[in-house]
Structure formats: structure tokens, C-alpha cells
Amino acid sequence: GVRPGEIVDGRFEIIDLIGYGGQGVVLRVRHLEWDTTLALKLPLPNVVKSPANKLRFLQEAETWIRLGVHPNIVRCWFVQDIAGLPGLFLDLMTGGSLEDKIKDRSVLSLSWDGFITILLQIAEGLAHSHSMGVVHRDLKPENLLLREDGRVCLTDFGLVKSFASDHHDGETSGEMPKDSSVTGSGIFLGTPRYGAPEQWRK
């Protein structure tokens, strides 16, 4: 593993732990060459233990990187091997998550215009990912992070469905092409309490 204060590959200074879960950890790191602070997402070793799982993780990362720059999507800049694990270097979001705002009830202080602004920002992020042939499939308050200025951004494209199609100038055809699922099929995808009713019938 890596520890706070450690410098990895001569370029990345590990600052501290931001959070952790059942699948991995998120660290605050300083990119010394870029002179900027980023978030580093590392999977737990057991998550990428098998070659197939590691390949799937890398495919997910490549799909996320392909989304590029958008004001309502947390950018994944690149993937780098860190302590033998594939690390995702992401925009550092300092405003917490929409889930945090719901739990501390600060979201209740928003005006109707504020609620509508949040919904529009989520829709803008989704529209961009869909235009690139990517469906998120795990949209929930925990995966909606806020920038310091309050702007909402989609994150954690770990359960995406990527559609193999040609996109010209951001335009898509009316039909969804044959897809290449990043995740396995035949299982419940996403978070059950936010899943669509039809998922429970499968």
C-alpha cells in the first residue's frame, strides 16, 4: 500500500485518505509535475486479483477517460500503476456529495430554482455521457459530487454500459447499437434501493 507523505514514481505525493469502501480507497495526492491536487482511486487488491477483473477495471477506466472534459462530470485524467494496483487519477471534489447534503438536511434550504439547477446539471452530465455512448447505471446521491462552487458532477463510472458505435460531432442515431457491457451480465447492477423496478423482475 501507500502512506501519507510518500512520494510515488517521483511525481505523486500522497497527502491523506479521503474515504474508503468495500471496493477501494480514495486518496488526496499532489501531482508534483502539474503542481495540482487530484484524487486517486485505488481498488482493493482482491477486487483486481484475477486477470479478468483487472482487465474489466481498466476498461472501465478507459471508458471514463474517453468522456473527456465536461462541467458536470468528474474527469478521469489517466490510469497509473500504483503499488501494483491500477490507480485512477480524478478531479478532486471538495464540496462533498449530494448524499451528504441530504443527510445533514442542508439541501432543504434550497429554493425551487436551486433544486431545478441541480436536476439540470445532472441531466447535462448524463446527456454528455449518453452522447458518447456511455450509460452510467448507478446514478445515486453518493455518486453526485459537488465542486467548491456548488456545481454538481457525476462520478464513479464503474458500472457503465459502453455502446460500440461511431459518434460524429457528438451526434447519435435514433437506435442504440449493439453494446459491449463493461460489467458482467445476468446480475443486478447498481444500488438496489435506487434500482429501476423492472430490474427486480429479472
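The entries below go from the sheet to the core and then to the aromatic rings.

**Entry 1: the model.** A reminder to myself before I start: this is a predicted model.

**Entry 2: the sheet.** I looked up the strand order and found an open sheet of six strands, β1-β2-β3-β4-β6-β5, with antiparallel pairing. Which strands stand at the edges? They are β1 (7–8) and β5; each has a single partner strand, so one side of each is left without a neighbour in the sheet. The partner I checked for β5 is β6: the two pair in the antiparallel sense over six bridges. On that pairing, I noted Ile 82 opposite Leu 85 in β6.

**Entry 3: the helix on the sheet.** Next I looked at what α1 touches. The helix packs on the sheet through β4 (36–43), β5 and β6, and its direction makes about 155 degrees with that of β5.

**Entry 4: the core.** I then asked which residues touch the most other members of the largest nonpolar core. Of its 37 residues, those are Leu 40, Trp 64, Ile 82 and Phe 89.

**Entry 5: ring pairs.** How many aromatic pairs does the structure hold? I found seven. One of them joins Trp 64 and Phe 157: the pair is tilted, at 5.5 Å centre to centre and 50 degrees between the planes. Trp 64 lies in helix α1 (residues 51–66) and Phe 157 in the loop between β9 (152–154) and β10 (161–163), so this pair ties together parts 93 residues apart in sequence. Both Trp 64 and Phe 157 are buried.

**Entry 6: a second pair.** Phe 78 and Phe 89 have ring centres 4.6 Å apart and planes at 20 degrees, so I logged the pair as stacked. Phe 78 is in strand β5 (residues 76–82) and Phe 89 in strand β6 (residues 85–91), so the parts tied together are eleven residues apart in sequence. Phe 78 counts as buried at 17% relative accessibility, and Phe 89 is buried at 0%.

**Entry 7: the cluster.** Last, I noted that Phe 78 and Phe 89 belong to one aromatic cluster with Phe 12, Trp 34 and Trp 77. Over the face of Trp 77 lies Arg 75, at 4.0 Å from the ring centre.

Technical notes
Residues are numbered from 1 along each chain as its sequence is written. This is a predicted model: local features need pLDDT of at least 70, side-chain atom pairs count only at pLDDT 80 or more; totals for chains, interfaces and linings use all residues. Side-chain values use heavy atoms; hydrogens and water are left out. A nonpolar core is a set of buried Ala, Val, Leu, Ile, Met, Phe, Trp, Tyr and Cys residues joined through side-chain atoms within 4.5 Å. Buried means under 20% relative accessible area, exposed over 50%, partly exposed in between (1.4 Å probe, protein chains only). Rings of Phe, Tyr and Trp (its six-membered ring) pair if their centres lie within 6.5 Å; planes under 30 degrees apart count as stacked, over 60 as edge-to-face and the rest as tilted. Helices (H or I, at least four residues) and strands (E, at least two) are DSSP runs, numbered from the N terminus. A charge sits over a ring if NZ of Lys or CZ of Arg is within 6 Å of the ring centre and within 35 degrees of the ring normal. Two strands pair if DSSP finds at least two bridges between them. Contact means heavy atoms within 4.5 Å. Axes are lines fitted to C-alpha atoms, for helices over the stretch in contact, and angles run from 0 to 180 degrees between N-to-C directions.
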